[in-house]
Amino acid sequence: MPALTTGKTFVEDKLGIPSGAERMASPWLGSMHREFPFYHEPYNQAPSANFDRILKSWIGKLTANISPMSLWMAYADWALHVQFSPSKQQELLTESMRKLWRLCEYEIELAQDDPNAEKTSVTPLPQDKRFADPAWRRWPFNVISQSFLMTQQLWHRATTDVTGMSVHHEEVINFMVRQILDMYSPSNFLLTNPVVLNETLHSGGKNLLAGMQNAMKDLEHAINDTHPQARTEFKVGKNLAITPGKVVYRNRLIELIRYTPTTETVHEIPILFVPAWIMKYYILDLSPRNSLVKYLLDQGYTVFMISWKNPQASDRDLSLEDYRRLGVMDALRVIIEETGAPHVNAVGYCLGGTLLSIAAACMARHNDRRLSSMTLFAAQVDFKDPGELSLFIDESQITLLEAIMWDQGYLDTKQMAGAFQLLRSNDLIWSRRLNQYLLGRSEPYNDLMAWNLDATRMPFRMHSEYLRKLFLENELAEGSYCIEDQPVALTDIRVPIFSVGTLTDHVAPWRSTFKIHLLTDTEVTYLLTTGGHNAGVVSPPGQPRRSYQVATTQHHDPYVDPDVWQARTPHQDGSWWPEWERWLRRRSGKHIAPPPFGHVLYDAPGKHVLQP
């Protein structure tokens, strides 16, 4: 029997709870250490669990790795709450009648050549370019496009502001309705797209013939499991990632590249790049004209780069901690030994920036002062508002992905491509099919697109921990992410931080990356640049239509929210690279002769980046 006076409950060992363990009154009291389903030992050993995983794995193959259970839960939440909301039903009925009358009024004004017809029409969103061509202003295509835009508005009203519906389910159902509407947009069909009809008449149908050839090529690539855009004009080591350097260290997970200096003297403090392993490192060393590595070498810096291994099924048990220990920490140790420098300026890109932040917080906890500064490119440390990626982050979706990874040992980024394409379906799916299949045009190709096709894989355990601990549980921002059984806190970081956000980033929204101000207690320089997650970072001097905003906040300054910051901070034209280099220069020490290379394994770009 339990001893009531001690607050202890004694249970039988067969339940798996040690005798004398304290009973928590409620699970809401919380626990620092949580067991996750696929790495909880009794669950792993249960034979019945394998049937669940096999079934979910096969479901994922049939649904482009998107959980149908998650979609059905969102639909049920929406349908039930609309059904039991007479006020919402009345609102939608009134709105549908109003839209119908507005469309009729628009048609009457068009028939009468009324100049006020444009005032009655619906204006597409700024990013929606489907109806921008003047041909859409001619009858009947203006009526067709207007009816579609009004339908789009009505469905947006139907799937938002539903009383009692969860925010996540509202976002999911609104997103899925947008995908269905985008699929049936009049711009996607020959007979309802005036631009395609004009091209067909002018070319005598040659555009449709060329489009059919493009479609057959895509079908051939789909059957052969190759990418339709893959070409040979861009190749790593030939015209991509060609900045001279040497691989000076290698372990199970990384190759460490040290680049050959291009100046007679260099700054004393070297730079370490920690790229994301969801992509290959040479996004930072594309062609010579847009290589950030080459740019820094020419400014007199010693540059090191981590090149991650592309995991195989045998690497399924690599953890997020392995990436910190074998990646960031091993690289720092080798750089200090190689150069004799007292400190290192570390730079993390995307997921690499998140890992660098974890490593920096752990180093601060142990009074490890090897970092001189930390720079984050489009990197999040708080995942509460990760943008539209949150649509694919819930328990059901993660469980499905874990089953897929359990089956094959990793998640291929090709398997994630569907989700990323859906986030920008107008640009990445429907506009591509319009241009290639209906207009018969060839798709433009450049070095950035070639890099984007060079996919990598995510090992099972690491990706499961990343999705659960960071995205789902937000442990890093909540102060419960543990290293060596102790939580790390970003507030322990004291080195200055330079954080870069990109204005149209759909992977790491800039307002999310701006939260670095709230989560650290140090000097933060935040820079917001035009462009997206990749094109905003690859922004060499001389490119047109580039601008940025930048401001520094001291640790004792009052907090300013991102919208106020954006309104107050002046715009500056041009590339942000020189601005960052000036900041970096002040933290890079005196000029010295380039330190000699130590142990050299082989030439850059190394072997990991060439792994298929």
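Colleague: Which residue forms a salt bridge with Lys61, and how far apart are the closest N and O atoms?

Modeller: A salt bridge here is a side-chain nitrogen of Lys or Arg within 4 Å of a carboxyl oxygen of Asp or Glu. Lys61 pairs with Asp407, with the closest N and O atoms 3.8 Å apart. This is a predicted model: local features need pLDDT of at least 70, side-chain atom pairs count only at pLDDT 80 or more, and totals for chains, interfaces and linings use all residues. Residues are numbered from 1 along each chain as its sequence is written, and side-chain values use heavy atoms, with hydrogens and water left out.

Colleague: Which helices hold Lys61 and Asp407?

Modeller: Helices (H or I, at least four residues) and strands (E, at least two) are DSSP runs, numbered from the N terminus. Lys61 sits in helix α2 (residues 47-62) and Asp407 in helix α13 (residues 395-408), so the pair ties together parts 346 residues apart in sequence.

Colleague: Are Lys61 and Asp407 buried, partly exposed or exposed?

Modeller: Buried means under 20% relative accessible area, exposed over 50%, partly exposed in between (1.4 Å probe, protein chains only). Lys61 is partly exposed at 48%. Asp407 is partly exposed at 40%.

Colleague: How many salt bridges does a search of the whole structure find?

Modeller: The search finds 32. Take Glu95 and Lys99: their closest N and O atoms are 3.6 Å apart. Both lie in helix α4 (residues 86-111), four residues apart, about one turn of the helix.

Colleague: Where do Glu523 and Arg587 lie?

Modeller: Start with the distance: Glu523 forms a salt bridge with Arg587, closest N and O atoms 2.8 Å apart. Glu523 is in the loop between α20 (516-519) and β13 (524-529), and Arg587 in the loop between α22 (577-585) and β16 (591-592), so the pair links parts 64 residues apart in sequence. Glu523 and Arg587 are buried.

Colleague: Which residues do salt bridges that share partners join into one network?

Modeller: Lys88, Glu91, Glu95, Arg98, Lys99 and Arg157.

Colleague: At what angle do α11 and α12 pack?

Modeller: Axes are lines fitted to C-alpha atoms, for helices over the stretch in contact, and angles run from 0 to 180 degrees between N-to-C directions. Helix α11 (residues 320-339) and helix α12 (residues 351-365) pack at about 75°, axes 10 Å apart. Under 35 degrees counts as roughly parallel, over 145 as roughly antiparallel, 65 to 115 as roughly perpendicular and the rest as oblique. α11 and α12 are therefore roughly perpendicular.
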